[in-house]
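Subject: Structure handover

Hello,

Here is the structure we talked about. Please open it next to this email and follow along.

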Amino acid sequence: MRYLALLKAARPTTPPPPELMAAIMKLGEDATNAGSLLDTAGLAPSATGSRVSLSQGKLAVTDGPFAEAKEIISYALYEVRTKEEVMEWTSRFMQLHRDLWPGWEGDAEILKVMGPEDFASPA
């Protein structure tokens with residue numbers, strides 16, 4: 001099963017500590033070596049993006065920035081056997097932030113990526 005973890009946080013006023021970045025790289029290596037991590041990347045601020053909306057049959061394009069209090073700042077795509085596995089990897093990632101960047105706050109949302117198993121016909 002594939003899961004997408006989205007990291008949301010307020011844009012910090014200071015760069016992340018080097019120790020945090022090193023620990024994140026190590027965790028990424030561990031997850032990749034375990035066969036769980038497929039891809040990860042940081043995301044540019046919403047000011048560089050756009051939103052395409054459909055409402056009442058009409059399309060509208062809105063350029064960023066968007067008004068959300070927290071922005072999606074990175075993602076990780078995992079392939080794991082259970083939801084508990086992705087929750088463990090994501091918790092470890094968040095614990096690094098707690099331990100190595102005092103005062104940082106954010107959320108990680110874990111979403112299942114639909115696969116063939118989600119569309120199988122009932123037997």
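Val 52 lies in strand E3. Helices (H or I, at least four residues) and strands (E, at least two) are DSSP runs, numbered from the N terminus. This is a predicted model, in which local features need pLDDT of at least 70, side-chain atom pairs count only at pLDDT 80 or more, and totals for chains, interfaces and linings use all residues. Residues are numbered from 1 along each chain as its sequence is written, and side-chain values use heavy atoms, with hydrogens and water left out.

**Nonpolar patch**

Val 52 counts as exposed because its relative accessibility is 60%. The cut-offs: buried is under 20% relative accessible area, exposed is over 50%, and partly exposed is in between (1.4 Å probe, protein chains only). Areas come from the Shrake-Rupley method with a 1.4 Å probe, and for residues only the protein chains shown count as cover.

Val 52, Leu 54, Leu 59 and Val 61 make a nonpolar surface patch of about 470 Å². Strand E3 (50-55) and strand E4 (58-63) are the elements that give two or more residues to this patch. Patches are made of residues with over 30% relative accessible area and no salt bridge; like charges are joined within 9 Å, nonpolar side chains (Val, Leu, Ile, Met, Phe, Trp, Tyr) within 5 Å.

**The loops on either side of E4**

Gln 56 sits in the loop between E3 and E4. Its phi is positive, about 50 degrees, although Gln 56 is not a glycine. Gln 56 is exposed, with a relative accessible area of 80%. In the loop between E4 and E5 you will find Pro 65. The peptide bond from Gly 64 to Pro 65 is cis, with omega near 5 degrees. For background, most residues other than glycine have a negative phi, and most peptide bonds are trans.

**Helix H2**

H2 runs over residues 83-100, 18 residues in total. From first C-alpha to last it reaches 26 Å, close to the 26 Å expected at 1.5 Å a residue. That expected span is 1.5 Å times one less than the number of residues.

Which residues of H2 are buried? They are Glu 85, Val 86, Trp 89, Thr 90, Phe 93, Leu 96 and His 97. They cover an arc of only 135 degrees around the axis, so they lie on the same side of H2. The arc is that of the directions from the helix axis to the C-beta atoms. On the other side of H2, Glu 84 and Arg 98 are exposed. The cover over the buried residues includes strand E1 (2-9), helix H1 (18-33), strand E5 (71-79) and strand E6 (106-113). Contact here means heavy atoms within 4.5 Å.

**Salt bridges**

A salt bridge is a side-chain nitrogen of Lys or Arg within 4 Å of a carboxyl oxygen of Asp or Glu. By this rule the count is ten.

- Glu 68 pairs with Arg 51, closest N and O atoms 3.0 Å apart. The pair links distant parts of the chain, 17 residues apart: Glu 68 is in the loop between E4 and E5, Arg 51 in strand E3. Glu 68 is partly exposed at 43% relative accessibility, and Arg 51 is partly exposed at 36%.
- Arg 81 pairs with Glu 85 at 3.6 Å between the closest N and O atoms. Arg 81 is exposed, with a relative accessible area of 67%.
- Asp 118 pairs with Lys 112, closest N and O atoms 2.8 Å apart.

Salt bridges that share partners also join Lys 26, Asp 30 and Arg 92 into one network.

Best wishes
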